[in-house]
Every structure is written in structure tokens, then in C-alpha cells.
Amino acid sequence: MTEPTPPDEARSEEPAAGGAPAAPPPPAPERPRRIGLWGAPTCGKTTFLAALRIAAEEGGHDVRLVGCNRASTEFLADTTRQLKIERRFVPATRELPPNLAWQLHGTQVRKVRPTEGRLRFKRRRPVPYTVMLDMMDAPGGMFSSRPEDRATSEPSSGLRFSSSAGDGDGGSGDGGGGGDAEERLVRHLAGCDGLLFLFDPTREREMNDAYAFFQRTVLQISELAGTSGVDHKLPHHLAVCITKFDHPEVYERAVRLGYVTPPASIFGMPSVDETRALEFFQDLYRGTHAHDPVNSLLRGIRSHFGESRTRYFVTSAIGFYRDPLENRFQPEDYLNIAEQSDGGDGLAGEDRFRIRGDVAPINVLEPVMWLAGNVGRP
Amino acid sequence: MNSADRCPLCAVPIDAAAVEAAATRRDVRCTLCGWTLAGPWRPGRADRAAAEAALSAARLEFDLRAAARAGDDWLPYAPHLRGRPAEAQWQEARRDVAALREAARPPLGAVLDALGPHRALVVVAVEDAGLRLFVTGGVPAAGPLGYRELAAVPWSALLPGLPRDATHRRFQLAGGPSGIDPAWADATIGGAVGDLVRRYCTSVDTAVMSGLPGMPFPDAVVRAFTGLLPDVRIAAGAPDAAALLDRIAAERPIARPYGLAALRARPGDGAAEVVRLPLFPAGARAGDEAQVRVRRAPGGAGQETALAVVTWDDPPEPVRIVTARMPRGAAGLVRIALDGPGRLRFLEPDTVDDAAPAWPDLLRRVPRRLPSAAFATELVCVLELGGRAETARRRRDLVADLLELLGDELGGTARVAVVGHLDHPIEPKHKNRDVVSGGPLQAPDEAARTLADLPDAPSGPFGARAAPLEDSLDRAAALLHGPRDGRSRILLTVAGRPPHPGSGHGDVIRPVEPCPRRLNWRHSVARLEAAGVRLVAVTDEPAPKDVPGQDARRRDDPEWDVLGAAHRTGLDSVDAAGLAKVLGVLPDDEAPPLPFPLVP
């Protein structure tokens with residue numbers, strides 16, 4: 001099974017996190033919107049998901065991330081434990097349960113017209129919402145427009161989930177062939193209301209294939225999804241996440257170009273304000289690459305997704321290292337991963353890097369909340 | 001001059017006309033031998049045969065006396081005898097000569113003793129071959145042997161006309177018929193002796209000893225010295241004056257101190273210089289022993305070292321030079337027994353070879369500066385204990401082999417510290433745990449024990465990009481500080497991973513976490529360089545070769561350029577011996593061996 005399990009009626013009747021006002025009674029929750037997580041292999045989708053749970057619990061936002069079924073709950077618990085307690089990246093699991101899906105519950109303050117009473121003016125009220133997060137990941141080459149990539153990465157037994165940093169190869173699924181897998185994946189993404197597209201700058205430097213992953217998939221989505229109704233673009237909201245902000249390659253460039261917002265959180269973590277994320281994205285490779293890969297990608301994004309329905313975030317799943325004594329960000333020592341070796345041919349992806357300190361996600365929950373608050377709107 | 005102009009008996013020249021004129025009045029006799037040369041006519045019958053028989057007998061008697069002065073047997077002189085003697089005649093001649101022997105003279109040793117310890121004495125020895133002049137006594141000029149030959153004058157120079165043949169010459173020196181006018185001989189000898197006196201005997205005590213006493217011409221030499229030097233001492237003669245002086249000097253104290261030649265770097269400019277390590281002071285006598293420690297030149301395990309005992313003169317003079325193979329270890333013991341001036345017996349090393357280069361040749365081999373291997377060495381071996389287990393073991397083995405080699409070659413002159421580092425703990429709460437272990441600067445053997453006690457790295461993954469080399473470098477900088485005092489200081493880094501940066505993350509593409517203790521390895525290197533430390537690195541991977549069109553630095557950790565500033569090599573391409581040469585603690589194969597041992 002590859003399709004995320006839709007929320008059942010019981011789940012849809014769950015009270016909204018954060019409590020509801022006493023009177024008048026809150027409006028019924030809206031139909032859960034679906035958010036698809038999308039990105040090239042090794043871009044950190046599973047880590048992003050595990051970090052999302054940590055961010056939901058520790059980031060000061062009134063949200064909950066829960067599994068839709070036992071397998072999804074256990075998966076979330078395991079990955080969170082590995083990331084937070086064991087300080088290890090989530091292994092490149094080969095056999096993931098097929099029906100992984102999660103729900104993010106929260107409340108939003110919206111202007112809502114009361115359904116009862118004499119006065120029917122719109123009033124600002126906290127409105128519970130639930131978004132479905134299902135991460136349908138394909139083998140690495142599946143998103144690629146290069147046939148050779150797709151051929152080498154064709155899953156042997158159909159579409160599957162793969163959530164690790166070294167994800168994207170092989171897998172099991174519902175017995176469909178490679179073509180089925182690709183079709184299911186595209187159909188899944190096309191059916192989502194919002195898409196989280198993860199862009200890993202460090203991977204892009206090495207592989208330079210983000211556009212290849214993007215453009216084929218987006219064309220296939222376009223076949224199925226139609227248009228938004230208000231413009232000729234796809235109806236989806238798109239949150240573009242420039243990941244691995246904690247990596248010196250990204251962070252140092254952001255500092256050098258003046259995009260880093262002075263630390264304001266209790267941990268003193270720097271960040272790039274989302275209002276300047278697009279600008280930083282454009283400047284990410286400016287002057288360093290003969291062919292700026294961001295240009296092609298941005299053109300593709302702007303060509304297929306409405307500008308008002310697209311937002312950019314500079315994110316970090318694990319955040320910066322904090323000295324345990326100082327317990328705050330220190331510019332001279334912020335790298336939160338330590339590369340490991342076994343002296344041989346190399347460690348598996350999850351063992352190659354260890355997390356040095358506490359995990360403190362940066363801008364991980366924000367894109368999801370933005371999508372949750374905006375999907376379904378024009 | 002025909003035979004009529006010579007005495008028919010002794011063959012000295014005569015004035016025939018004067019003899020003939022005088023003979024009209026009286027018998028005229030040879031002034032030397034007394035033979036009647038001529039006389040007035042007398043009445044009676046002449047007996048020519050009887051006269052000739054008497055002349056023959058007189059000639060034989062004359063010759064036999066010369067032979068008796070010359071030796072104990074007449075046979076060597078038979079070709080020069082005018083006739084063949086009967087045994088009775090020979091014995092009679094010996095008795096006659098013995099009766100004329102001069103009075104006994106004091107021995108030369110007594111003459112020297114009478115002079116005192118620091119007076120020079122020129123000894124003139126009259127010998128078969130001529131004259132030999134020696135200087136002896138407790139003076140530097142006497143040389144390390146206690147005497148030195150000043151000159152040798154053959155008889156041909158003293159008295160031209162004597163035969164070249166030694167036996168024949170001795171026969172004539174002993175009074176055999178030579179045809180030399182005694183007056184002329186005295187004058188000629190006197191002239192030659194005068195030259196010698198002026199040259200060698202002015203203001204110096206002189207002793208004359210004749211090995212040919214009673215012989216006319218040698219006696220003439222003695223008379224000439226006596227005439228020219230009123231205070232000359234006459235000592236009992238000996239056939240071989242040098243042998244006599246040898247025996248006498250052996251019993252006398254040495255006049256000048258003896259020392260063993262060794263090399264050191266001159267304080268100040270560091271130039272190589274030959275110094276003397278004291279062995280025997282002036283006044284030491286046969287039977288004394290002395291010992292001194294020297295350092296075998298590094299790398300000289302298979303080579304022989306010249307052990308040169310020289311005087312404390314300036315310039316020094318060699319007393320005895322031998323070659324020997326010095327024992328293992330840094331400070332080899334040289335023990336010498338004094339058997340007399342110039343007579344040295346090596347007790348340690350017990351096997352020496354007298355086939356040694358000459359002193360000037362040895363001096364020519366002294367380099368302008370000593371190779372760094374010759375200096376006392378302070379070496380800190382920084383060793384990465386972690387990483388791949390098999391590679392870590394090879395690193396350890398290399399350092400262990402090196403320490404063993406240094407123990408053999410340098411012994412205590414090398415002081416070695418071993419400093420090893422494990423990985424920083426990944427757990428932040430353990431980040432300040434000391435990861436460095438090792439010992440102080442100590443002898444190589446002790447350092448080897450420290451090495452054996454260093455911990456092994458735990459199994460499992462380890463940091464891929466860096467190791468706490470900066471912690472070890474900090475320790476090394478603390479060990480190698482202060483004035484160098486001529487010592488060679490070396491930091492040997494045997495590692496696979498570069499140090500953590502002190503702050504920041506280095507290469508943004510492949511970043512690395514900084515040292516949790518914020519140690520900056522560059523600061524440690526600066527301290528080491530300020531202390532005059534040479535930086536040598538043995539890395540798991542060799543330095544990448546320069547490939548046109550490729551930037552080697554992109555494929556290599558730049559830290560090794562600094563830590564291997566003096567030399568860098570790969571772990572696979574070096575052994576302990578090669579590494580010791582790279583470190584400068586052993587000389588290159590091409591380097592010529594040092595001629596002398598080193599000052600310890």
C-alpha cells in the first residue's frame with residue numbers, strides 16, 4: 001500500500017489541540033488537507049519528518065503531530081528517539097510499513113461567520129485544523145528526468161516509502177511495477193493540497209540534479225492536477241524548503257550575504273527570515289557556479305506554481321550545535337554533525353554522521369503551518 | 001798520490017820529499033802508526049825479504065787492531081785485512097784494544113735525571129751510519145714519545161772519503177787503513193760538528209754518546225763536540241741510541257697531557273671543531289690508566305671510528321691513533337693504559353686496529369659543520385592512536401621501531417617523548433575528557449615503555465575528518481620549550497587525520513567540528529617553531545603527487561603542509577631507519593662518516 005490512509009471519522013472528530021473557546025461552539029473542523037513531502041533522495045525528508053515532531057513539541061507552537069495508525073505512530077516514535085535521544089540520523093530503512101501517514105492538529109484564528117444566532121457577521125475565532133502529512137517517497141531516480149536514473153532506481157516490487165537521509169533506492173510496496181510506482185507517486189502528489197519541496201544545497205553542489213528531479217515530476221503532476229481555477233498554474237500550495245541551514249556551506253554564505261537574522265530564540269539560534277528566504281535562495285549560488293542551478297529551478301517553480309501560493313523557507317532539521325555548558329549558539333562552534341568513519345569502505349548513511357548536540361529544528365514547522373493555514377485557498 | 005806518498009803500514013799520506021830529506025840525518029817514522037818510513041844509509045847487507053816480512057806482519061797487526069775495535073770477529077773484515085791472522089794474533093789484537101778502552105761513562109738515564117724534569121737535552125749519538133741528534137727531556141719538543149730525532153748526518157757528510165760499504169766503513173772508522181789524513185779528518189769533522197752545534201745545541205744541554213768508542217774517527221767527533229761545547233756531557237754509548245732513548249723515556253713521566261680527539265659543535269657559531277677530552281695529565285707514568293666517554297657518531301654502527309690520542313700542545317700532536325668499532329649505545333667508554341710516553345694500550349674497546357688514517361688526513365675529514373645527527377636530540381613523537389585499527393597498529397610499530405633504533409644509535413643523548421591521542425568523545429558531556437596520554441622527554445628505551453603503555457582506541461566508528469592532534473601538539477609544545485642549547489628538536493607526527501580547528505569549521509564543503517577545548521593547533525605549531533623544532537610528519541596517506549591541471553591541495557589536508565614542513569612521507573613508504581635519516585638523527589648514506597667520535 002502506498003496511498004496514505006485517509007483520516008477516519010473518529011480522527012476528524014478529535015478536539016483541536018490547544019482547547020476550544022467555551023462559547024459559541026467552534027465550527028466543525030474542515031476536511032483535512034493533504035500535504036505531500038517531496039524531494040530528491042538524501043535531501044532529508046525522513047529527518048525533516050522526525051524533526052517536525054520535535055519542533056511541534058518543543059518549538060513553542062500549539063500543534064500536535066500524530067500517526068494515523070500504529071505503524072505510523074511507531075515510526076514517528078522511533079525516528080524521534082533516534083534523532084533526539086540517540087543523536088543518530090534515521091537509518092536508510094529498506095522495509096518501511098506501507099501505510100505511513102500523519103496528522104498535524106492545530107488551531108488557527110480565522111474570521112468565521114457564525115452558523116447560529118442573530119448576528120451573522122464574521123468574527124475572529126480559533127479554528128481547529130488538521131492536515132494530513134503523507135510522505136510518499138520514490139526511489140531516487142524516479143523523480144529524475146534522466147532515463148538512466150529512473151532505470152537504475154526502479155523499485156523491484158513497487159512503490160514504497162523511504163524516509164532516510166540516504167533514502168530513495170529499492171523498496172517494497174504494494175506489488176506494483178516501476179511504472180505503477182511512478183504513476184502512484186505522481187497521482188499522490190497531484191492529489192495533495194500542498195507540497196513541501198525540499199532542496200538540499202549541499203546535495204545540489206555535488207549532484208546538480210534538483211531541477212531534473214523537479215521538472216519531470218511537476219510535468220506529470222500537471223497532467224493530473226489541472227489548474228487552480230484562479231490562474232493557469234497548478235492548484236497546489238508549495239513550500240520550498242532550502243534545507244541544511246546548519247551546514248557551514250549554507251550558513252556561512254547566509255552570514256556573508258547578510259541574510260542571517262540575529263538570534264532571538266531562547267537558544268539563540270540564527271535563522272533566515274522567511275521574507276528573505278527567496279532572495280537568499282536566488283543568491284545561494286550566485287557567482288560561484290557557471291550555471292546557477294537555482295535559476296532553472298526557480299523558473300520551473302514560477303512556471304507551475306502560483307506566486308501567491310509559493311513560499312520559501314530556510315530550514316534545518318537538526319539545528320545548530322549548542323555547547324552543553326553555554327547552552328547557546330556559538331559562532332565558532334555550531335556544526336551539529338560529526339562525520340564518522342570505520343576506516344573501511346565507508347559507513348552507511350545513518351552511521352556516517354552523528355549528531356553532536358541537541359536537536360533544535362529551525363523553520364521545520366513553519367512551512368507546514370503555512371501550508372496548513374493556506375491550502376484550499378486560492 | 002802514489003804508494004810512495006803513503007805510509008806503507010797505515011796508508012796515511014806522507015810528504016815523500018820531506019821524509020827523504022830528513023832521512024839523511026835520522027830515521028823518519030809515520031806519525032800515526034810509527035812505522036819507519038826512511039833512514040840514513042847504514043853499512044851492511046840489505047835484507048829485503050826480512051823487511052817485507054816485517055812490514056807484512058806489522059800490516060796484519062795494524063789491521064787486526066782495527067778489526068778488534070770494529071767487532072768481536074775478524075771474519076767480516078777479512079777482505080780488508082792484509083793477511084790472514086792466526087787465532088793467537090787475533091786474540092793478542094783484542095787484548096791490546098781492550099787495554100786501551102776509554103774510561104766508563106755515566107748512562108744517559110743518569111744524565112737525564114741529573115737535568116731535572118723540565119730541561120731539554122740534545123743527545124748526539126755517534127753510530128755506524130753517522131751522527132743522530134735527538135731532543136729529549138720533559139719538554140714539548142721531545143714529543144709524545146719523550147724523545148724526538150732532530151737530525152741524522154751520515155759519515156759521508158762528516159768525513160768524505162769513507163767507503164759506502166758499511167762493513168768496510170766501520171773497519172776504517174775503527175782505524176783500518178783509509179788513506180785519510182788525521183789532521184784533515186779532524187778539521188773536516190770539526191767543521192761539520194760546528195754546523196750541528198750552531199743549529200741544534202746552542203743554549204741547550206748536550207750529551208754525546210758514542211756507540212763506537214775507541215775508534216779514531218768517532219772519537220774525533222766526540223772531541224769536536226767537547227772542543228766546541230765545554231759543558232757537553234759524555235754518556236755511555238749504545239749501538240742504537242733510539243732504542244736506548246726508547247727504553248729510558250718509557251720509564252719517565254709524560255711531559256705533556258694527553259687527550260682523546262673528539263668532535264663538537266663550537267658554541268656560538270656551531271662550527272665543527274676538534275677538542276681533546278682529557279686522558280693523562282702531565283707527569284703521568286707507565287701503569288696509569290684513564291678513561292673517557294665519547295659518543296659514537298650516529299649511523300656509525302657498521303663503521304670504525306678513529307680514536308686519536310693527542311698531546312695537549314697547540315697544535316696537538318698525535319700520540320697513537322687507532323680505529324675501533326664503538327659499542328652500541330650513545331656514550332661509549334674508552335679506557336686506556338699508559339705504558340710510557342707515547343705508549344698507550346687500549347683496554348676498551350678491546351679490539352683496535354692500528355691501520356688508521358694519519359692525523360692530517362683525519363683533520364681534513366672534519367666537516368665545516370656537524371650534521372644535525374651529531375647533536376643531542378629532543379624528539380617528541382605525536383601518535384594518533386585511533387582510526388582504523390590495523391593502521392593504528394602500524395603507526396605504533398613504526399614508532400616502536402624508531403625508538404629501538406634511537407636507543408641503539410643515540411642512547412641517552414636522545415630524549416624522546418611519546419604523546420598519543422584518542423578521539424574526542426562524541427558525547428558532549430564528556431567533551432572535556434583528556435584524550436592525550438604519554439610521558440616526558442626520556443631515554444628512548446623508557447619512551448618505548450611509555451609507548452607500550454599507551455591505550456588502544458576503542459573499536460567502532462571514529463571521527464572521519466579530524467582527530468585531537470591539536471591536543472597532542474599542545475602537549476608537545478609544552479615539552480619542547482626553553483633554550484635549545486645546541487640540541488636538535490624534532491616533532492614527529494605519525495597520524496592519519498589532521499587536527500580539529502581551534503574554532504570554526506575549516507572547509508565549508510567538508511566541515512569539521514572544532515576542538516572542544518578550543519585548542520588551536522596553529523598556536524602550538526608557532527610555539528614549536530619558535531623553539532626551533534623541525535616538523536616531520538608521517539601520514540597514513542602520502543602527499544598527493546602534483547598532477548598538471550589538478551590542485552593537489554584540494555585532495556589533501558592542508559594541515560600536513562605545516563606539520564610536515566621539514567619532511568612528509570607516507571606510512572607505507574617509510575621504515576624506522578629511513579625515518580631516522582629523515583629526522584636527522586641518523587646521517588644520510590651519502591654523508592661521509594665523521595672522523596672522530598663526538599663529545600657526549
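Q: What should I know about numbering and confidence before I start?
A: Residues count from 1 along each chain as its sequence is written, while chains are lettered from A and ligands numbered from 1 in the order in which they are written. The model is predicted, so local features need pLDDT of at least 70 and side-chain atom pairs count only at pLDDT 80 or more, whereas totals for chains, interfaces and linings use all residues.

Q: How many helices and strands does chain B have?
A: Helices (H or I, at least four residues) and strands (E, at least two) are DSSP runs, numbered from the N terminus. Chain B has 16 helices and 22 strands.

Q: What share of chain B is buried?
A: A residue is buried if 20 or more other C-beta atoms lie within 10 Å of its own, exposed if 12 or fewer, and partly exposed in between, with C-beta atoms placed from the backbone. In chain B, 44% of the 600 residues are buried.

Q: Which strands make up the open sheet in chain B, and in what order?
A: Strands of a sheet pair through backbone hydrogen bonds, either parallel or antiparallel. Here two strands pair if DSSP finds at least two bridges between them. In chain B, five strands run in the order 5-4-3-6-7, with mixed pairing. Strand 5 (147-154) and strand 7 (233-235) of chain B are at the edges with a single partner strand each, so one side of each has no neighbour in the sheet.

Q: How many bridges join strand 3 and strand 6 of chain B?
A: Six bridges link strand 3 (residues 120-126) to strand 6 (residues 205-210) of chain B, and the two run parallel. Val122(B), for instance, stands opposite Thr206(B) in strand 6 of chain B.

Q: Which strands of chain B does helix 7 lie across?
A: For directions, axes are lines fitted to C-alpha atoms (for helices over the stretch in contact), and angles run from 0 to 180 degrees between N-to-C directions. Helix 7 (residues 182-201) of chain B lies across strand 3, strand 4 (130-137), strand 5 and strand 6 of chain B, at about 160° to strand 5. Helix 9 (residues 241-250) of chain B packs on the sheet too, and its direction makes about 10° with that of strand 4 of chain B.

Q: At what angle do helix 11 and helix 16 of chain B pack?
A: Helix 11 (residues 389-409) and helix 16 (residues 576-583) of chain B pack at about 70°, their axes 9 Å apart. That makes the two helices of chain B roughly perpendicular, a label for angles of 65 to 115 degrees (under 35 is roughly parallel, over 145 roughly antiparallel, the rest oblique). Residues are in contact if their C-beta atoms, placed from the backbone, lie within 7 Å. Among those making this contact are Leu398(B) and Asp401(B) of helix 11 and Ala576(B) of helix 16.

Q: How many residues does each chain bring to the contact between A and B?
A: Chain B gives 19 residues and chain A gives 18 residues. Strand 10 (residues 337-341) of chain A and strand 19 (residues 462-463) of chain B are joined by two bridges and run antiparallel. Gln340(A) stands opposite Gly463(B) there.

Q: Is strand 9 of chain A covered or uncovered?
A: Strand 9 (residues 310-314) of chain A is mostly covered, with five of its five residues buried. Strand 6 (residues 237-242) of chain A pairs with strand 9 of chain A in the parallel sense over five bridges, and Val240(A) has Tyr312(A) as its bridge partner.

Methods
Two residues are in contact if their C-beta atoms, placed from the backbone, lie within 7 Å.
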